[in-house]
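Please examine the model below with attention to its strand pairing, its charged contacts and its overall dimensions.

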Amino acid sequence: AIVDSGTSALVGPANEVEAIAAVLGAQKIKNLYVVECEAASPSITFTLSGKDYSIKGQELILQQSGDWCVLGLMASAAATTHWILGDVFMRKYYVQFDWGNRQVGFAQAASPTSPDYLV
């Protein structure tokens, strides 16, 4: 996986993204995955170095338009074997880049004081 603060969404292989979108009950509209905002959504989990990092369905939302919510989930032809974990992931998990030791650390980020997320 690649952690990238310059990417808003979770970006992955098309077949995997489509499978996740189906589980979430998302519809694809103009290359965006949308769900009804009030619909219950399961969590998705990424396992990195043997540790699970879960993101609730509601935490995947980038934007709301009426009753519809746009998910921060995108397919990429270039991402055939890996995922790019963008801002959707980094809102929930603090990322510490340790260039000197060539490692990356993760910790659950402090909870926001408001449920309104900005990307």
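Four strands form an open sheet in the order β3-β4-β8-β7, with antiparallel pairing. Strands here are DSSP runs of E with at least two residues, helices are runs of H or I with at least four residues, and both are numbered from the N terminus. Two strands count as paired if DSSP finds at least two bridges between them. The edges of the sheet are held by β3 (27-29) and β7 (61-65); each has a single partner strand, so one side of each is left without a neighbour in the sheet. From one strand to the next, the twist averages 40°, where axes are lines fitted to C-alpha atoms and angles run from 0 to 180 degrees between N-to-C directions. Isoleucine 29 has leucine 32 in β4 as its bridge partner.

This is a predicted model, in which local features need pLDDT of at least 70 and side-chain atom pairs count only at pLDDT 80 or more, whereas totals for chains, interfaces and linings use all residues. Residues are numbered from 1 along each chain as its sequence is written, and side-chain values use heavy atoms, with hydrogens and water left out.

A salt bridge is defined as a side-chain nitrogen of Lys or Arg within 4 Å of a carboxyl oxygen of Asp or Glu, and by this rule the count is one. The side chains of glutamate 59 and lysine 92 form it, at 3.3 Å from N to O. The pair links distant parts of the chain, 33 residues apart: glutamate 59 lies in the loop between β6 (51-55) and β7, and lysine 92 in helix α2 (residues 87-92). Glutamate 59 is buried at 17% relative accessibility, and lysine 92 is buried at 13%; buried means under 20% relative accessible area with a 1.4 Å probe, protein chains only.

What does the secondary structure of the chain come to? It comprises two helices and 12 strands, running β-β-α-β-β-β-β-β-β-β-β-α-β-β from the N terminus. The radius of gyration is 14 Å, close to the 14 Å that the globule rule gives for 119 residues, so the chain is as compact as a globular protein of that length. This radius is taken over C-alpha atoms, and the rule is 2.2 Å times the number of residues to the power 0.38. Buried residues make up 35% of the 119 residues. Among contacts (heavy atoms within 4.5 Å) between residues at least 6 apart in sequence, 65% join residues at least 24 apart.

Methods:
Buried < 20%, exposed > 50% of the residue type's maximum accessible area, 1.4 Å probe, protein only.
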